[in-house]
Amino acid sequence: MIRLLFCLSLLFLLLQCAAFPDPVTSKNRNLKLNSEKRVNLIFTGFYRYEKEREEILENIKKQGFFYDQTSPITLEVILQKKDITYRFPLIHKLHFLLTFLSGGIIPSHIRTEHTLTFRYSKSEIILMENEYSIGMDQWRGIPVILLMITHWPNRIYREQLVETTRLEFIE
């Protein structure tokens, strides 16, 4: 009975989640590349994000870039997850435990951060590299049930990746 209650409360806790995105920030935004639109595209770090990879690929194509495996210019799109360091890790762990023990009545907070890098290279020489920081705060628990409709983490994350791709190609 206790195991069943434990499993049900854990499942219930994991199903309620709402995310609030940070603004996308970037590094090296003022560099310009020549007008070459044929690139050899390489995606790195998207092994769990196939839908997001496809959306980024579509946005790259909309910008006039063409996939050409023989092109001397390589565009590598790199997705990396950052390790989060909470300011007060003990309080964060206690907060999560309190959420679990309350059955989700008290929501818990989780921070996620990624970087999306667009690296342009020619013959293994990096011509240009733009790195974007993507982050969001996620809240899990019963009080966030209504926010789940408009702030589902997967949708927010996908929107951030699309926005980052759009920012990469505005001139």
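Is Arg119 buried, exposed or partly exposed, and what is its relative accessible area? In this predicted model, Arg119 is partly exposed, with a relative accessible area of 26%.

**Figure 1. Salt bridge between Glu129 and Arg119.** The closest N and O atoms of Glu129 and Arg119 are 2.5 Å apart. The pair links distant parts of the chain, with Glu129 in strand β7 (residues 125–140) and Arg119 in strand β6 (residues 108–122), 10 residues apart. Glu129 is partly exposed, its relative accessible area being 23%.

**Figure 2. Salt bridge between Glu52 and Arg158.** The closest N and O atoms of this pair are 3.9 Å apart. Glu52 belongs to helix α2 (residues 50–62) and Arg158 to helix α4 (residues 153–169), so the contact ties together parts that are 106 residues apart in sequence. Glu52 counts as buried, at 7% relative accessibility, whereas Arg158 is partly exposed, with a relative accessible area of 23%.

**Figure 3. Network of salt bridges linking Glu52, Glu55 and Arg158.** The view shows the three residues of the network. Within it, Glu52 forms a salt bridge with Arg158.

**Figure 4. Salt bridge between Arg155 and Glu159.** The N to O distance between the two side chains is 2.4 Å. Arg155 and Glu159 are separated by about one helical turn, because they are 4 residues apart in helix α4. Arg155 is partly exposed, with a relative accessible area of 30%. Glu159 is also partly exposed, with a relative accessible area of 42%.

**Figure 5. Salt bridges in the whole structure.** A search of the whole structure finds 10 salt bridges. Among them are Glu52 with Arg158, Glu129 with Arg119, and Arg155 with Glu159.

Note on methods
Residues are numbered from 1 along each chain as its sequence is written. This is a predicted model: local features need pLDDT of at least 70, side-chain atom pairs count only at pLDDT 80 or more; totals for chains, interfaces and linings use all residues. Side-chain values use heavy atoms; hydrogens and water are left out. A salt bridge is a side-chain nitrogen of Lys or Arg within 4 Å of a carboxyl oxygen of Asp or Glu. Helices (H or I, at least four residues) and strands (E, at least two) are DSSP runs, numbered from the N terminus. Buried means under 20% relative accessible area, exposed over 50%, partly exposed in between (1.4 Å probe, protein chains only).
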